Amino acid sequence: MFLENRKLLVGADVVPSKENRIAITEITDEWLSSLAKAAGFDKLKVALVAVGGYGRKELCAGSDLDILLLHHQAEKPEEIARLADAIWYPVWDSGISLDHSVRDVSQVRRMASTDFKVVLGLLDARVIYGDEQLLNEVRASVLADWRSFSQERLLELQQSAMDRKQRFGDIAHLLEPDIKESYGGLREATILRSIAASWITDVNRERIDEAHQTLLDVRDALHRVTGRSTDKMTMHEQRDVAKLLGLESDDVLLRKVSMAGRALAYESDMAWARVQKVTTKKSLFKSRKIAKDFRAPLADGVVVQDEEVVLARDANPVTDSGLGWRVAAAASQAGLPVSQATLSRLKNELAPMPKPWPKEALNSLVSFLGSGPALIQVWEAFDQNGLINDLLPLWQPMQATPQRNALHIYTVDRHSIECVVQASILSRMVSRPDLLLVGALFHDIGKPHEGDHSIVGAELMKEIAVTLGFNEVDAETLCEMVRLHLLIPEVATRRDLEEPATIDLVANQVVDLNLLELLHNLTIADSKATSEHTWSEWKASLVSQLVARVEARFVGKELPSFQGLETTFPFTPSKETEISVVNAGSQSDIFIATEDRVGLVADVAGALRVLRLDIKSAQFETTEGIALQHWQVIPLFGDAPETKKIILELQIAMNNPEMVFKAMQKVKSPRVQRGFTPPKPRVRFVDGASSRSDVFEVRAHDESALLHRIAQIVAMEKLTINAARIDTIGSEVVDVLYLTTSTGGRLDETTKSGLIFKVEAELLELINLDPS
């Protein structure tokens, strides 16, 4: 009867809820109680105890049963073994996962003294059947020990949490989060209860419980749609999880998970800061030493007391709308946290900002944004207390919006804040640091909306700039920063910088040196804030050379000489074939110089695929018949092949192309199971982009051996690739090939249209889309 009732409660079509989890727990308790009663638990001093999530009545569809058989030391071992068998075997027979242990009171106390996981499990322990006094006794002693040694034990627990964060990442920013183990996940809620149980500091129980229940619903839904006990939510499963939870899309689901995770991570960070302040007798935050009862002024209406920023006694948020930004600026500039009482008072009492903002409020915002890394802590405090959405126009759609791009390691809003931090470092490089900082903050404001986010964002920026109090000229500059923030990095990495047409392309859109200066530094900040892989010496060189050439065009100077690809090579290229492999962590840089020929790119790309190396970026140039190639690759899985093997395979590919063809026939990539249908590829020729070549551009979802397939079609058309820029951005690729005929001529329209048709057909077949 139990299994039948349980099957109804854990069905794949049952919507997860707190009530459902309690119901699963209650019928499980009834079943185990009947087993315990039949086994004779009443006759001995024993207790069947639910611990962990089972103890909290949080059994999800796939949860295991975490059970402790607790007994008095005087009970006979053979009797305890008999009782254990009477419980464990029926559970195993039911197919339900079981995490079980048998301990006496002294053993539990001894284990809890060295293993804080035991303490965490006992925090919510409850008796299913048996002697309540046994559990009361062990819990009282364990908690007493926990509180007596909490200063040392909590620091160990904090280190464990930080190690877990390093391993599993931050749940708020992951595309495939572990709902339990990622930092800000379910594990944090349990740890926060242990911190509160230490009596060193309290926690915001209401906020924690709300976030905890949200993540439990997600975990429960994940168990139901997958039919197994799992905590990692992959992209393939997210659409079904969202549907079961009644959410309109997988992005809405990720946003919900992110916001719950951020709440738990914020509460954890603040709790650990308070713990460390107590246990080490000093704040985590760098600040001057101030007596506890002394209130030192930081700004108008803002003071510091006991190493926290608080409101002055005469401050009045009801009549002072700019007080919120002054608090934020003062706190971040001083590197201090804002007290929770102050945050709550600002949320409840702060007067709305007038439109446009007064100059003093805008100055405070700029000061806040220019505070460097200290900005992040204060911003998160304001955000978690609802103040950012109250204070900042049009910000709310940005909050916790996921970015389905593997290169982005943050949500849209957090990426924007990281971009501001990077921009603050560059503030001395521009004549208008205020515009750089505000432009960095809003450069992706269009991302949560339909359409080209740069164009949509520029329109939104008009309203924002006016609201913030910028004059008409500055507002136009900010709009152009948002509209053009991708121009410089895209042109620098995908166009031939020696071409006058490339310089014209940028100069015709960037109207003056001031905007060029701002866009240059915004490019650097944006790239560095995306991830460690999006800014390199190669990209920095291309960007700086492009900017220098556009600047020369503006001031009427001769264009500086272009530093070509050969300047980045670890050897001096010649007509003799030479290959060099430079390894840096998981990434390898492969440099090739050899005599150019039709099909060379296809053959090398094929050899890299045979070696199971994934192409992240590449650039090619041809100088006086010598083909120069720089490939950046990472292993598809496992470790990269040895350098000798890479060089040997590449030499074979260049000398015997037919060997590549045969090897590729053996490398059959399985169909990738996706939780979504990628958009159709875009294949086109870019008119006017080069005076020497025809520029062929492919934008598509990344697929196995994609570049090899494209280059092979180009080779079959007897076309030469004179230069190329290959870029993989997360799961998307942008390949730009500079093509001529085999004799160096331009392509006719028939050849162009034929090439577009063949490449499109190949790509559509790869992603299994109907060409129509």
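Colleague: Is C419 buried or exposed, and how do I read that?

Modeller: Look at its relative accessible area: under 20% is buried, over 50% exposed, and in between partly exposed, using a 1.4 Å probe and protein chains only. C419 comes out at 0%, so this cysteine is buried. C60 is buried too, with a relative accessible area of 1%. Keep in mind that this is a predicted model, where local features need pLDDT of at least 70, side-chain atom pairs count only at pLDDT 80 or more, and totals for chains, interfaces and linings use all residues. Residues are numbered from 1 along each chain as its sequence is written, and side-chain values use heavy atoms, with hydrogens and water left out.

Colleague: How many disulfides does a search of the whole structure find?

Modeller: A disulfide is a pair of cysteine sulfur atoms within 2.5 Å. Here the search turns up zero. Take C419: the closest cysteine sulfur sits in C479, 17 Å away, so that's too far for a bond.

Colleague: Which residues of helix 6 are buried?

Modeller: Helices are DSSP runs (H or I, at least four residues), numbered from the N terminus. In helix 6 (residues 116-123), seven of the eight residues are buried, so the rest of the structure largely encloses this helix. They are F116, V118, V119, L120, G121, L122 and L123. The cover over them includes helix 3 (52-55), helix 5, helix 7, helix 8 (150-168) and helix 9 (186-197).

Colleague: At what angle do the axes of helix 5 and helix 7 cross?

Modeller: Axes are lines fitted to C-alpha atoms over the stretch in contact, with angles from 0 to 180 degrees between N-to-C directions. For helix 5 (residues 105-112) and helix 7 (residues 132-148), the axes come within 10 Å and cross at roughly 25°. Under 35 degrees counts as roughly parallel, over 145 as roughly antiparallel, 65 to 115 as roughly perpendicular, and the rest as oblique. Helix 5 and helix 7 are therefore roughly parallel to each other. Contact means heavy atoms within 4.5 Å.

Colleague: What does W535 touch?

Modeller: W535 lies in the loop between helix 24 (513-530) and helix 25 (537-555). Skipping residues up to four places away in sequence, W535 touches T523, I524, S527, K528, A540 and V543. I524 is eleven residues from W535 in sequence, and their C-alpha atoms are 7.6 Å apart.

Colleague: And where does H708 lie?

Modeller: In helix 29 (residues 706-716). H708 is buried, at 7% relative accessible area. Leaving aside neighbours within four places in sequence, H708 is in contact with A602, A605, G606 and M664.

Note on methods
Helices (H or I, at least four residues) and strands (E, at least two) are DSSP runs, numbered from the N terminus.
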